[in-house]
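Here is my note on the model, point by point. Please read it with the structure open.

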Amino acid sequence: MRTLQQQELDWIERAPVSVIGRAESAAPPDAVFAVLADHVRWPEWFPSVRKVEVLGPATGVGARRRVTVPGAVFEEEFIAWDPGVRWSFTGTASRPGLLRSLVEDCRLEPTSTGGTAIAYGMHLAPAPLAAPLVRLARGSLRKNLDRAMHQLAQRAENPPN
């Protein structure tokens, strides 16, 4: 695993690459947050996530996890954990070493109908050799994030038994 440069939330504004996925759910923000916080079930609704392992405490700032996606593994540490409002982590390590830094940030806002507006941002600094590839993949990343957020919205509306 390659160590990533950890970032704080204010880094989002300076990240070289940012991609935002959006959706709306009829479920309230607390229900959407509950789906986000259920780490091990992410593969059921986030298409590119194959496996999530919790590394120590599962909740709160400082919680850590390891996420497997096709062709890569990321270790993450939470830097924001505000139930029903915000959920964010910084990458701490990855394999392969395509990134220098990563922050993913999910913001939940109540809608006038009692539902939730979901905005999930992926903010990253690619390694120099990977930068052209990452920039080319932005459209695909956005499409995948939008799809995942729509599936998050549906999962919050219809949680499994």
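1. Salt bridges, the rule. A salt bridge here is a side-chain nitrogen of Lys or Arg within 4 Å of a carboxyl oxygen of Asp or Glu. Side chains of opposite charge can pair when their charged atoms come close. The count by this rule is eight salt bridges.

2. Basis. This is a predicted model, in which local features need pLDDT of at least 70, side-chain atom pairs count only at pLDDT 80 or more, and totals for chains, interfaces and linings use all residues. Residues are numbered from 1 along each chain as its sequence is written, and side-chain values use heavy atoms, with hydrogens and water left out.

3. Overall fold. The chain has three helices and eight strands. Both are DSSP runs numbered from the N terminus (helices H or I, at least four residues; strands E, at least two). Their order along the sequence is β-β-α-β-β-β-β-β-β-α-α. The C-alpha atoms fill a box of roughly 45 × 35 × 30 Å along the principal axes. The radius of gyration is 15 Å, which agrees with the value near 15 Å for a compact globule of 161 residues. That radius is taken over C-alpha atoms, and the globule rule is 2.2 Å times the number of residues to the power 0.38.

4. Of the 161 residues, 48% are buried. Buried means under 20% relative accessible area, exposed over 50%, and partly exposed in between (1.4 Å probe, protein chains only). Contact means heavy atoms within 4.5 Å. Among contacts with a separation of 6 or more, 57% join residues 24 or more positions apart.

5. Glu-44. What does Arg-155 pair with? Arg-155 forms a salt bridge with Glu-44, the closest N and O atoms being 2.8 Å apart. Arg-155 lies in helix α3 (residues 138-157) and Glu-44 in the loop between α1 (29-37) and β3 (51-54), so the pair ties together parts 111 residues apart in sequence. Glu-44 also forms a salt bridge with Arg-41, at 3.2 Å between the closest N and O atoms. Arg-155 is buried at 16% relative accessibility. Glu-44 is partly exposed at 42%, and Arg-41 is partly exposed at 26%.

6. A salt-bridge network. Glu-53, Arg-64, Arg-66 and Glu-75 are linked by salt bridges. Within it, Arg-66 and Glu-75 have their closest N and O atoms 2.9 Å apart. Arg-66 is partly exposed, at 24%. Glu-75 is buried, at 13%.

7. Helix α3. It has 20 residues and spans 28 Å from first C-alpha to last, close to the expected 28 Å. The expected span is 1.5 Å times one less than the number of residues. Its buried residues are Leu-145, Ala-148, Met-149, Leu-152, Ala-153, Arg-155 and Ala-156. They cover an arc of only 160° around the axis, which puts them on the same side of α3. The arc is that of the directions from the helix axis to the C-beta atoms. Elements covering these buried residues include β2 (17-25), α1 and β8 (116-126).

8. Ser-101. This residue lies in strand β7 (residues 99-110) and is buried, at 2% relative accessibility. Beyond neighbours within four places in sequence, Ser-101 contacts Gln-5, Gln-7, Trp-11, His-123, Leu-124 and Ala-125. Its side chain reaches the backbone oxygen of Gln-5 at 2.9 Å.

Conventions. Polar contact = N/O pair within 3.5 Å; in protein donor to acceptor, adjacent residues only side chain to side chain.
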